[in-house]
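Here's a quick briefing on a protein model, put together for someone who likes geometry with the cut-offs spelled out. Take a look at the sequence and the fold, then read on.

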Amino acid sequence: MEKLSTNVSFGGEHRRYRHRSDTLDCDMEFAVFLPPSALGPKATPAPVLYWLSGLTCTDQNFMQKAGAQKLAARLGLAIVCPDTSPRGVALPGEDDSYDFGSGAGFYVNATEQPWARHYRMYDYVVTELPALVERELPVTDQRAVSGHSMGGHGALICALKNPGRYRSVSAFAPIANPTACPWGQKAFRGYLGDDESAWAEWDATRLIPDAKERLPLLVDQGTADEFLESQLNPEALAEACEKHHHHIDLRMHRGYDHSYFFIASFIDDHLHHHARALGLG
């Protein structure tokens, strides 16, 4: 890994790295916050919260806007933020729209050409990046996963598809039923093809009935979110959870929108949720 930068933050360190991804066949950048307890001569490796960001984001949005470092430092929790797609692979149409291609990998493994060679963000965030982080940095293999919007969708499917890999999961304003909304349909048709039956394995709402593990879901959603009705559909996820006895705490927050102002307002609740599951709180 090539270290790009380091910033001291609440006694810990925010670092950015670049590395070669075999999974994505390109160079990738990611950010990590290491709490003070994971640094120095008496360091103890920290468990990790993997944060998956939304459309148009990079590894930097959460670290700069969410305000998570202060509490993470106190809890002894590391945070890893990958990018949201491969970069610079020069595929035709990759930069034509904000909701497909660059910045919009949707945390799936593409099967359609030309995307299949590079757009395998699911394998990257579930397997390759954690293996690298756990090998090279002072962290443990105890993992939690969370995210926002497209990243909330990513967090939910990563947990639902990998029983035992994560200790906890949460999401802010996730694209909860992507096979039934314009964002998800556009992405899935482009990355996965026209056979809609192949889309189901990447939709949290449709994964709930057969989930092999029942991690409690913490989901926060703002009522003033401009994408609530057209794209996010948390009610579908909640209905599936109720029908199949999968615990969900869906919290609707009056007046909050889709922005990082919303995330910053409730990030501490999510950090405590994950810390308890990881044995930190």
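Over the face of which residue does lysine 161 lie? That would be tyrosine 122, with lysine 161 at 5.3 Å from the ring centre. Bear in mind that this is a predicted model, where local features need pLDDT of at least 70, side-chain atom pairs count only at pLDDT 80 or more, and totals for chains, interfaces and linings use all residues. Residues are numbered from 1 along each chain as its sequence is written, and side-chain values use heavy atoms, with hydrogens and water left out.

**Charge over rings**

- Lysine 161 also has its charged end over the ring of tryptophan 202, 4.4 Å from the centre.
- The test for a charge over a ring is NZ of Lys or CZ of Arg within 6 Å of the ring centre and within 35 degrees of the ring normal.

**Aromatic pairs**

- There are 16 aromatic pairs in the structure; rings of Phe, Tyr and Trp (its six-membered ring) pair if their centres lie within 6.5 Å, and planes under 30 degrees apart count as stacked, over 60 as edge-to-face and the rest as tilted.
- Tryptophan 115 and tyrosine 191 make an edge-to-face pair, because their planes stand at 80 degrees, with ring centres 5.9 Å apart.
- That pair ties together parts 76 residues apart in sequence, because tryptophan 115 lies in the loop between strand 5 (78-82) and helix 3 (121-136), while tyrosine 191 lies in helix 5 (residues 182-192).
- Helices (H or I, at least four residues) and strands (E, at least two) are DSSP runs, numbered from the N terminus.
- Tryptophan 115 counts as buried at 7% relative accessibility, and tyrosine 191 does at 0%; buried means under 20% relative accessible area, exposed over 50%, and partly exposed in between (1.4 Å probe, protein chains only).
- Tyrosine 256 and phenylalanine 262 have ring centres 5.9 Å apart and planes at 45 degrees, so this pair is tilted.
- Tyrosine 256 is partly exposed at 30% relative accessible area, whereas phenylalanine 262 is buried at 0%.
- Ring pairs link Tyr256 and Phe262 into a cluster with Trp51, Phe62, Phe172 and Phe266.

- An open sheet of 9 strands runs in the order 1-2-3-5-4-6-7-8-9, with mixed pairing; two strands pair if DSSP finds at least two bridges between them.
- Strand 1 (2-9) and strand 9 (248-253) are the edges, and each has a single partner strand, so one side of each is left without a neighbour in the sheet.
- From one strand to the next, the twist averages 20 degrees; axes are lines fitted to C-alpha atoms, for helices over the stretch in contact, and angles run from 0 to 180 degrees between N-to-C directions.
- Strand 4 and strand 6 run parallel and are joined by 6 bridges, with leucine 52 opposite glycine 147 in strand 6.
- Strand 6 (residues 139-147) and strand 7 (residues 168-172) are parallel too, joined by 2 bridges; valine 145 has valine 169 of strand 7 as its bridge partner.

**Helices against the sheet**

- Strand 6, helix 4 and strand 7 form a right-handed β-α-β unit (right-handed if, with the strands pointing away from the viewer, the path from the first strand over the helix to the second runs clockwise).
- Helix 4 (residues 150-161) lies across strand 4 (46-52), strand 6, strand 7 and strand 8 (217-222), at about 130 degrees to strand 6; contact means heavy atoms within 4.5 Å.
- Buried residues in helix 8 (residues 234-243) include Pro234, Ala236, Leu237, Ala238, Ala240 and Cys241.
- Among the elements covering the buried residues of helix 8 are helix 4, helix 6 (204-207), strand 8, helix 7 (228-232) and strand 9.

- Most residues other than glycine have a negative phi, and most peptide bonds are trans.
- Glutamine 113 and proline 114 are joined by a cis peptide bond with omega of about 5 degrees, and proline 114 lies in the loop between strand 5 and helix 3.
- Phenylalanine 106 has a positive phi near 60 degrees; this residue lies in the loop between strand 5 and helix 3 and is buried at 0%.
- Alanine 173 has a positive phi near 40 degrees, lies in the loop between strand 7 and helix 5 and is buried at 0%.
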